[in-house]
Amino acid sequence: MFENVRPEDLEAGRRALGGGGVGAPLKFTVDRGEGCVLYDTSGRGFIDCTSQAWSLAVGYSHPKVIAAVQEILPRYTHIRTSFETPPKLLLAKRMAELAPGNLKKVSFVITGSEANEGAIKLALRNSEKSSTVVSLFDGYHGRTLGMINTGYPHPNNRFTAWGGPVVRVPQAYCYRCPIRLEYPSCKLACVDLAREIITRGAAEPPAALIMEPVQGNGGMVEFPREYFGAMRKLCDDLGMLLIFDEIQTGFGRVGEWFAADLYQTTPDILVFGKSVAGGFPLFGNLYRPDLKGFEPGDHSFTFAHFPVAMAAALATIQVIEDENLLENSRKIGRFFTETLQEMQSHYELIGDIRGPALMLGVELVKNRKTREPARHEADRFITEGLKRGVIFGESKYLGMGNIVKVKPPLTINESQAQQVMEVFRDVLETISSSRE
Ligand SMILES: Cc1ncc(COP(=O)(O)O)c(C=O)c1O
């Protein structure tokens, strides 16, 4: 069906597309992916440092993932939520085994926004009567009507009236401290301020606080380690459940199965997704067994039991273990960070380098002293990277739009990593010399 496609048919499709996805359409027609490399229809390969919205931890079409899917496809593609299948039960067992702390209850859905809404529903089920949720400045938890309010403030967003009550508090974004202090002499004053805002500014004691352990879409914001203990304590003191949205940070991206492991802080509810099913849609919640779970009908969707993705997830877990990908994520992440730090001493454009393992963001600035965001340069970075065969990520629509993201599949090898850094340096040089 897809051999010898006519260019005029592709063009007609382009004209017909109604939008609704994120970002300007890239004029990049994909032929296939292999490992960390994406090929266009002309046969040119690009090392993909976006992992397709950070979702391909084990790379494109990993053979073991494909084999697991092929084993399931002839038996069934869709099974309603009420039924059991071996992929569903075996994956629930594996997820409970991998879960940090005591988060031994599992539920599944198909998108991240739905999974975050599930976490909020669980929090509301476990709260006497509060409907309020606390979230962090620059957080991102999805674009459904329910989640849009919890995320990045979206100035003048047309849809926020349909969301529930949310109180946003400043986060530990230390490079651009929202309360203009310096870490560590601030002694995490943002957490104290959050406490004040919640206790004195919320209309009711909130049911939960939702946060990404490393903020992805809002600007690759990595928090100081002690922030996690302080936020856990804040939640315990104020009777709020702590929800970690680990949709980006989970499944090896930060060098551990979950950021909760890395930062040694267990939330009450964890939201997972993106990389879990090796390129198939699968998200969900892990939560404490002593919490009230979902009531029948609380959170059920037509395709929520997607056994094909569940089989893919079982294979993905196996691949992460067999190929030692948590260690590779830490090793290549270290190499990237050290190389970028060395580049920072030569190029004014690099303001800050952030993120554990392969969850890396580089904040570009016009001037190190003023820290003025270099947005145009970040846009250009993507174009120049593409010319040289590397797809870098950016944060165009959230945060300040001046972050270049380096988040390839965890399967990236040393020579590909070397190539990525050579291209990064070359692009820095090109942009820096054209500004002088
Ligand atoms: C941290 C985080 N939460 C939630 C979402 C929303 O997921 P989805 O787009 O599948 O609804 C995303 C997607 O980028 C995300 O990065």
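Let's start with the largest nonpolar core, which has 121 residues, and the members that touch the most others are Ala123, Ala208, Ile243, Leu282, Ala312 and Ala313. By nonpolar core I mean a set of buried Ala, Val, Leu, Ile, Met, Phe, Trp, Tyr and Cys residues joined through C-beta atoms within 7 Å. A residue is buried if 20 or more other C-beta atoms lie within 10 Å of its own, exposed if 12 or fewer, and partly exposed in between, with C-beta atoms placed from the backbone.

A quick word on what you have on the screen: this is a predicted model, where local features need pLDDT of at least 70, side-chain atom pairs count only at pLDDT 80 or more, and totals for chains, interfaces and linings use all residues. Residues are numbered from 1 along each chain as its sequence is written.

Now pick out Ala208: leaving aside residues up to four places away in sequence, Ala208 touches Ile120, Ala123, Val133, Met240, Leu241 and Ile243. Touching, or contact, says that the C-beta atoms of two residues, placed from the backbone, lie within 7 Å.

The core also takes at least three residues from each of the two domains, domain 1 (25-58 + 324-435) and domain 2 (65-322). Those bounds come from an automatic or database domain assignment. Between the C-alpha centres of domain 1 and domain 2 there are 25 Å. Where the domains meet, 29 residues of domain 1 are in contact with 30 residues of domain 2. On the domain 1 side, α10 provides the largest share, 5 residues. By class, that side has 15 nonpolar, 7 polar and 7 charged residues. Here Ala, Val, Leu, Ile, Met, Phe, Trp, Tyr, Cys and Pro count as nonpolar, Asp, Glu, Lys and Arg as charged, and the others, Gly among them, as polar.

Next, have a look at a sheet. Four strands make an open, mixed sheet in the order β1-β2-β3-β15. At its edges are β1 (30-34) and β15 (390-391), each pairing on one side only. Two strands pair if DSSP finds at least two bridges between them. Inside the sheet, β2 (residues 37-40) and β3 (residues 45-48) run antiparallel to each other over 3 bridges, and Val37 stands opposite Ile47 in β3.

Now for some backbone details. Most residues other than glycine have a negative phi, and most peptide bonds are trans. Between Tyr183 and Pro184, though, the bond is cis, with omega near 5°, and Pro184 sits in the loop between β6 (166-169) and α6 (189-201). Ser61 has a positive phi of about 40°, and Lys274 has one near 50°. Are these two residues buried or exposed, or in between? Ser61 counts as partly exposed because it has 15 C-beta neighbours inside 10 Å. Lys274 is buried, because 25 other C-beta atoms lie within 10 Å.

Last stop, the ligand. The shell around the ligand has 14 residues, and the closest are Thr111, Gly112, Ser113, Gly142 and Ile247. A residue belongs there if its C-beta atom, placed from the backbone, lies within 6 Å of the molecule. Helix α5 (residues 112-125) gives the largest share, 3 residues. By class, the shell has 3 nonpolar, 9 polar and 2 charged residues.

Methods:
Helix = DSSP H or I, 4+ residues; strand = E, 2+ residues; numbered from the N terminus.
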